[in-house]
Amino acid sequence: MKARVVAKTVGVIAVLLALDYLLLLGIGLLLTKVFEHDSWLTSENHINTDLAHHRTSSLNDASNIGSGLGNTAAIIGALLVVAIALAVAMKKLRPSMFLVVAVSGQALVFLCVQFAVKRPRPHVHRLDSGIPTSSYPSGHTGAATALFVGSALLVAWYVRKRWLRTLAITAFLAVPLVVAISRLYRGAHHLSDVLAAYVNGGVCLAIAAGLILGRGPLARFCQLDGDAHDPQEAPVTAGAAGHR
């Protein structure tokens with residue numbers, strides 16, 4: 001990209017992320033200031049309570065693994081590996097940039113919202129102690145959504161073998177669900193916290209897809225140069241044209 005296009009792209013990303021922040025902030029303030037004591041919202045506490053009552057040693061261990069899939073170290077490590085592998089296999093940077101922008105964007109919005117919305121954790125025994133941030137939104141779930149749903153989208157767009165595409169998409173989409181359930185089970189978040197995290201991750205994916213790859217609902221609005229269009233399928237799958 002030319003320097004002018006890069007600067008304009010960064011500027012649009014910043015504006016859209018600011019709007020995402022305002023959306024998440026608005027939802028958070030509604031949850032903590034307006035609807036805090038409404039029965040429809042307080043009833044979500046029963047989810048955490050029921051899950052806590054059905055804890056077992058095996059489920060505790062499984063939830064620890066599921067929650068770990070969304071922790072910072074795991075996400076950064078996986079992002080680096082996937083981004084490098086994509087750049088090498090596809091001989092282009094845009095798919096890697098797509099994931100980096102989506103994951104980094106949701107992390108930035110998450111951190112900013114954390115400063116403004118101080119929501120207490122659920123009133124159950126938490127299996128993870130000393131969590132430094134507040135309950136809203138779920139950082140684990142948002143990060144997993146951005147990385148793994150983003151990976152599923154790349155597979156859907158570029159992998160041509162149907163069986164491999166189906167298998168990979170199913171596996172990738174399952175991860176954010178597993179992470180969210182694990183965080184609820186471990187008493188780290190309310191249901192609305194993980195739902196807000198899905199919104200954050202989804203919005204950042206839409207931003208990255210529109211600006212970096214020229215795909216998705218924001219594609220026309222965000223297409224800042226003639227090069228930001230649908231890339232070709234990955235070279236490693238080029239021999240599978242008959243398997244559409």
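Accessible areas here come from the Shrake-Rupley method with a 1.4 Å probe. The structure is a predicted model.

View 1. The protein has 10 helices and 0 strands. Read along the sequence, the pattern is α-α-α-α-α-α-α-α-α-α. The protein exposes about 12300 Å², and carbon and sulfur atoms supply 69% of that area. Of its 244 residues, 44% count as buried. Among contacts between residues at least 6 apart in sequence, 77% join residues at least 24 apart.

**View 2. The largest nonpolar core.** This core has 39 residues. Those with the most contacts inside the core are Phe98, Leu99, Tyr136, Leu147, Leu154 and Leu211. Two or more residues come from each of the elements α1 (3–34), α5 (72–90), α6 (94–116), α7 (139–158), α8 (162–185) and α9 (191–213). Helix α9 gives the most, with 9 residues.

**View 3. The surroundings of leucine 99.** Leucine 99 belongs to the residues with the most contacts inside the largest nonpolar core. Neighbours within four places in sequence are left aside in this view. Leucine 99 is then in contact with Leu79, Val82, Leu86, Ala146, Leu147, Gly150, Ser151 and Leu154. Of these partners, Leu147 and Leu154 are also listed among the core residues with the most contacts.

View 4. A search of the whole structure finds 4 aromatic pairs. In one of them, phenylalanine 98 and tryptophan 157 are tilted, at 5.9 Å centre to centre with 55° between the planes. Phenylalanine 98 lies in helix α6 and tryptophan 157 in helix α7, so this pair ties together parts that are 59 residues apart in sequence. The rings of tryptophan 157 and tyrosine 158 have their centres 6.4 Å apart and their planes at 65°, so this second pair is edge-to-face. Phe98, Trp157 and Tyr158 together form one aromatic cluster. Phenylalanine 98 counts as buried because its relative accessibility is 0%, and tyrosine 158 is buried at 2%. Tryptophan 157, at 22%, counts as partly exposed.

**View 5. A charge over a ring.** Arginine 55 lies over the face of tyrosine 185. The distance from the ring centre is 5.8 Å.

**View 6. The salt bridge between arginine 119 and aspartate 193.** A search of the whole structure finds 4 salt bridges. In one of them, the side chains of arginine 119 and aspartate 193 meet at 2.8 Å, N to O. The pair links distant parts of the chain, with arginine 119 in the loop between α6 and α7 and aspartate 193 in helix α9, 74 residues apart. Arginine 119 is buried, with a relative accessible area of 8%. Aspartate 193 is buried too, with a value of 0%.

**View 7. Aspartate 128 and two arginines.** The side chains of aspartate 128 and arginine 183 meet in a salt bridge of 3.2 Å, N to O. This pair links distant parts of the chain, since aspartate 128 is in the loop between α6 and α7 and arginine 183 in helix α8, 55 residues apart. Both aspartate 128 and arginine 183 are buried. Aspartate 128 also meets arginine 186 in a salt bridge, at 2.9 Å, N to O. Arginine 186 lies in the loop between α8 and α9 and aspartate 128 in the loop between α6 and α7, so the pair ties together parts that are 58 residues apart in sequence. Aspartate 128 has a relative accessible area of 19%, and buried means under 20%, so aspartate 128 counts as buried. Arginine 186 counts as buried at 6% relative accessibility. Elsewhere, salt bridges that share partners join Glu44, Arg119 and Asp193 into one network.

**View 8. Histidine 140 in helix α7.** Histidine 140 lies in helix α7. At 19% relative accessibility, histidine 140 counts as buried. Not counting residues up to four places away in sequence, histidine 140 touches Ser67, Gly70, Asn71, Val179 and Arg183.

**View 9. Glycine 26 in helix α1.** Glycine 26 has its place in helix α1. With a relative accessible area of 29%, glycine 26 is partly exposed. The C-alpha atoms of glycine 26 and valine 117 are separated by 9.5 Å, and these residues are 91 apart along the chain.

Notes
Residues are numbered from 1 along each chain as its sequence is written. This is a predicted model: local features need pLDDT of at least 70, side-chain atom pairs count only at pLDDT 80 or more; totals for chains, interfaces and linings use all residues. Side-chain values use heavy atoms; hydrogens and water are left out. A nonpolar core is a set of buried Ala, Val, Leu, Ile, Met, Phe, Trp, Tyr and Cys residues joined through side-chain atoms within 4.5 Å. Buried means under 20% relative accessible area, exposed over 50%, partly exposed in between (1.4 Å probe, protein chains only). Helices (H or I, at least four residues) and strands (E, at least two) are DSSP runs, numbered from the N terminus. Contact means heavy atoms within 4.5 Å. Rings of Phe, Tyr and Trp (its six-membered ring) pair if their centres lie within 6.5 Å; planes under 30 degrees apart count as stacked, over 60 as edge-to-face and the rest as tilted. A charge sits over a ring if NZ of Lys or CZ of Arg is within 6 Å of the ring centre and within 35 degrees of the ring normal.
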